[in-house]
Amino acid sequence: QSSSRLRNAGYLFLWKTFGRLVGHVICVSDYDQRKALEYSILPRHKISTVHNGLSDLENEPNPVSQLSDHVKGISIGRLAQPKDFPFLVSVIAETKHLHLDIVGEGPQKRRLKDLIEYHGLEDRVRLLGWREDVPELIEKYDFVVLISNSEGLPLVVLEGMRAMKPVVGSLVGGIGEVIVDGETGYLVEIGDKQTLSLCLTELT
């Protein structure tokens, strides 16, 4: 934790130093803009928000969920902090009918393999590695889930919404600016295992 505080202090120093040299900064979420103003990185007139966006799909997404006894979700991202894939796997282990595929590579991979084996989830949780076909891949799933300890505005949330899939996401960064809780998906506080389990179970 002390190393994290030191690293964050270093980042803040760099931002404030180089912030004086830039003409204008674009943030990807209102959350990021508020943080920049809170830490006095830039004056208000030199910062604004333009939310991340995606191009339209060539084909219309299929909004019809295939929910059944074997509900399938997909989670996409680098297997490293701030993403918390181990936490997600531990919650999947407490459900009965949920299957999860994880797309990505990173230092958490070995730990995830061990967790999957420990919980006996080999038939319900798969690690797919790096994929180049994420937009097409999302179409095959019932929901998208992203559990993270910090974010700006992650594209995977927007990709899930573009495909008209329910998205379950951590209430961090700009995620709460695009997911309407209980309508287009669910928002979960960091570390709230019970609520995450309930939200995922709600999709069955």
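Biologist: Why is L203 called buried?

Modeller: Its relative accessible area is 8%. The cut-off for buried is under 20%. So L203, at 8%, counts as buried. Keep in mind that this is a predicted model.

Biologist: Where does L203 lie, and how far is its C-alpha atom from that of V168?

Modeller: L203 lies in the segment after α7. The C-alpha atoms of L203 and V168 are separated by 9.9 Å. Along the chain, these two are 35 residues apart.

Biologist: What is the overall make-up of the chain?

Modeller: The chain has 7 helices and 8 strands. Of its 204 residues, 41% count as buried. Among contacts with a separation of 6 or more, 62% join residues 24 or more positions apart. The accessible surface is about 11600 Å², and 53% of that belongs to carbon and sulfur atoms.

Biologist: Which residues have the most contacts inside the largest nonpolar core?

Modeller: They are L88, V89, V125, V145, L196 and L200, in a core of 25 residues. At least two residues each come from α3 (85–92), β4 (98–103), α4 (109–118), β6 (143–146) and α7 (193–202). α3 gives the most, with 6 residues.

Biologist: What does L88 touch, leaving out residues up to four places away in sequence?

Modeller: L88 touches S75, L100, V145, I147, L196 and L200. Another core, of 17 residues, lies apart from the largest one. Its members include A163, I175, I179 and L187.

Biologist: Why would such side chains gather inside?

Modeller: In soluble globular proteins, nonpolar side chains tend to be buried together.

Biologist: Why is F13 called exposed?

Modeller: Its relative accessible area is 55%. Exposed means over 50%. So F13 passes the cut-off and is exposed. F13 is found in helix α1 (residues 2–19). With L14, F18, L21 and V22, F13 makes a nonpolar surface patch of about 520 Å².

Biologist: How do you know whether C27 and C199 are buried or exposed?

Modeller: Use the cut-off again. C27 has 9% relative accessibility. C199 has 9% as well. Buried means under 20%, so both cysteines count as buried.

Biologist: How many disulfides does a search of the whole structure find?

Modeller: The search finds 0. A pair would need its cysteine sulfur atoms within 2.5 Å.

Biologist: Why is M164 called partly exposed?

Modeller: Its relative accessibility is 46%. M164 sits in the loop between α6 (155–162) and β7 (167–170).

Biologist: What is the phi of M164?

Modeller: Phi of M164 is near 60 degrees. That is a positive value in a residue other than glycine.

Biologist: What kind of peptide bond joins Q81 and P82?

Modeller: The bond is cis, with omega about 10 degrees. P82 lies in the loop between β3 and α3.

Terms used. Residues are numbered from 1 along each chain as its sequence is written. This is a predicted model: local features need pLDDT of at least 70, side-chain atom pairs count only at pLDDT 80 or more; totals for chains, interfaces and linings use all residues. Side-chain values use heavy atoms; hydrogens and water are left out. A nonpolar core is a set of buried Ala, Val, Leu, Ile, Met, Phe, Trp, Tyr and Cys residues joined through side-chain atoms within 4.5 Å. Buried means under 20% relative accessible area, exposed over 50%, partly exposed in between (1.4 Å probe, protein chains only). Helices (H or I, at least four residues) and strands (E, at least two) are DSSP runs, numbered from the N terminus. Contact means heavy atoms within 4.5 Å. Accessible areas come from the Shrake-Rupley method with a 1.4 Å probe; for residues, only the protein chains shown count as cover. Patches are made of residues with over 30% relative accessible area and no salt bridge: like charges are joined within 9 Å, nonpolar side chains (Val, Leu, Ile, Met, Phe, Trp, Tyr) within 5 Å. A salt bridge is a side-chain nitrogen of Lys or Arg within 4 Å of a carboxyl oxygen of Asp or Glu.
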